[in-house]
Amino acid sequence: MSSIGAGVYELKEADERAWYRAIYLSKIEHRIYVLHCFEKESRKKESRKTDRRDIAIASQRLKLVKRRLQEKKSHEKRRGK
């Protein structure tokens, strides 16, 4: 999802009741970071787009992941790893 950031993807699945979404960050250091999961109750065609609030949540969580990875990298550098 380029609207959130590079390497971010969205899985979509539906049943007769709702749409299900998972927004995740591609694999980094043998981990896949799930940024946000949610259910959309509406099955209307016009409501298939991901709501801006859900995109904002995933974007904020992506920033946290990047910050934590940078802190880890800095910590390891100081320790000489």
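This is a predicted model: local features need pLDDT of at least 70, side-chain atom pairs count only at pLDDT 80 or more; totals for chains, interfaces and linings use all residues.
Which residue caps the N-terminal end of α1?

**View 1. The start of helix α1.** Asp 51 caps the N-terminal end of α1. A side-chain oxygen of Asp 51 lies 2.8 Å from the backbone nitrogen of Arg 53.

**View 2. Helix α1 from end to end.** Helix α1 covers residues 52-79, 28 residues in total. At 1.5 Å a residue, the helix should span 40 Å. Gly 80 follows α1 and has a positive phi, near 80°.

**View 3. The buried side of the helix.** The buried residues of α1 are Asp 54, Ile 55, Ala 58, Ser 59, Leu 62, Val 65 and Leu 69. An α-helix has 3.6 residues a turn, so residues three or four places apart point the same way.

**View 4. Strands β1 and β2.** These two strands pair in the antiparallel sense, over seven bridges. Look for Leu 11, which stands opposite Ala 22 in β2. Four residues separate β1 from β2 in their hairpin.

**View 5. Strands β2 and β3.** β2 and β3 run antiparallel and are joined by eight bridges. Trp 19 has Lys 40, in β3, as its bridge partner. The hairpin of β2 and β3 has two residues between the strands. In that hairpin, Glu 29 takes a positive phi near 50°.

Conventions. Residues are numbered from 1 along each chain as its sequence is written. Side-chain values use heavy atoms; hydrogens and water are left out. The expected span of a helix is 1.5 Å times one less than its number of residues. Buried means under 20% relative accessible area, exposed over 50%, partly exposed in between (1.4 Å probe, protein chains only). A polar contact is a pair of N or O atoms within 3.5 Å; within protein, one must be able to donate a hydrogen and the other to accept it, and residues adjacent in sequence count only if both atoms are side-chain atoms. Two strands pair if DSSP finds at least two bridges between them.
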